[in-house]
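I opened a new notebook page for this structure. My plan was to look up a few side chains and write down what I found.

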Amino acid sequence: LARPVSELLAELADCDACPLAVAHACDAAQGAQLVSLLRQSAQQLRKEQRALKKANNVIRELNDAARQASERIEKLEALQKESLRQADSELQAKVDLVSRQQAAILALSTPTIEVMDGVLALPLIGALDDQRAAVLTENLLSEIIRSRARYAILDLTGVSALDGRSSQLLGMVASAVRLLGARVLLSGIRPQVAQELVSTGEHVRSLLTTRTMKDALRYCAQNA
C-alpha cells in the first residue's frame, strides 16, 4: 500500500463492497495497514473539524466584538453630539445673560431724573461711547415726550475726560432734544474737560453751560 490516503478513501467511496471482504484484495498485513491509515484519516478529519469549529467560534467572537465596538462608537457619537448641544445652549444662555446685564448696566449708567416740573437731569459718569450715547438718547427722548420737559440738564461732573467723538455724541444728543422742542444745558464741566471742548468740541460750543447742577436748576426755574 504505497498509495496516498486520499486515493484509498476515493476508492472506498466508489466500491459497492469493502475491499477487505474481497479475498484477493489484500493480505492481513495490508489490511491492518489500511485500517491504520483509515484511522489516521479519521483522526485528521476530526482534528480539522475541531479546528474549523474553533475558527468559526473565533469568527463569531470577532463579529460580536465588532458589533459591540460599533454600538459603543454610536453611543459615544450620540453623547458627543448631546454634549456639544448642551455646551452650545449653555454658551448661548451665558451670552444672553451678559447682553441683558450690559443693557441693564447701560440703563443704570444713564439715569434720567425729573428734578422739577418740565426739567430733566441726566448725570454722566465715565466715558461716553456710541453704545452708551444711543441708550442715553433713547431714554432721554422718551422721558422728554412722557414728561413734556422743556429742559434737559446733562451734568458732566463725573466725566474726567472727553475726546472728539464724545463731544460729537453730546452734540448729536442735543440736536435730537432740540427737535422735540426742548433745550440741553451742560453743567459741572471740569477744567480739563473745558480745555478739550475748546479744541475738539465744536459740536457743543453753542450749548448753554453752567458751573454746577444748582446753577442749571436755577436757570431753568427762572426761565420756566
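Predicted model: local features only at pLDDT ≥ 70, side-chain atom pairs only at ≥ 80, totals over all residues.

**Entry: Asp-155**

I looked up Asp-155 and found it in strand β3. Which side chains does the side chain of Asp-155 make a polar contact with? One is the side chain of Ser-187, at 2.7 Å. Another is the side chain of Thr-157, at 2.9 Å.

Asp-155 has none, although it is buried. Arg-190 is the nearest side chain of opposite charge, and it is 8.9 Å away. A salt bridge needs the nitrogen and the carboxyl oxygen within 4 Å.

I listed the contacts of Asp-155 next, leaving aside neighbours within four places in sequence. They are Leu-122, Pro-123, Leu-124, Ser-187, Gly-188 and Met-213.

**Entry: aromatic rings**

I searched for rings with centres within 6.5 Å. I got one aromatic pair. The ring centres of Tyr-151 and Tyr-219 are 6.2 Å apart and the planes stand at 85°, so I logged the pair as edge-to-face. Planes over 60 degrees apart count that way.

Where do the two residues lie? Tyr-151 is in strand β3 (residues 151-158) and Tyr-219 is in helix α6 (residues 213-222), so the pair ties together parts 68 residues apart in sequence.

Last, I checked accessibility. Tyr-151 is buried, at 9% relative accessibility. Tyr-219 is partly exposed, with a relative accessible area of 23%.

Methods. Residues numbered from 1 in each chain as written. Heavy atoms only, no water. Phe/Tyr/Trp six-rings, centres within 6.5 Å; stacked < 30°, edge-to-face > 60°. Helix = DSSP H or I, 4+ residues; strand = E, 2+ residues; numbered from the N terminus. Buried < 20%, exposed > 50% of the residue type's maximum accessible area, 1.4 Å probe, protein only. Lys, Arg positive; Asp, Glu negative; His and termini not counted. Polar contact = N/O pair within 3.5 Å; in protein donor to acceptor, adjacent residues only side chain to side chain. Contact = heavy atoms within 4.5 Å.
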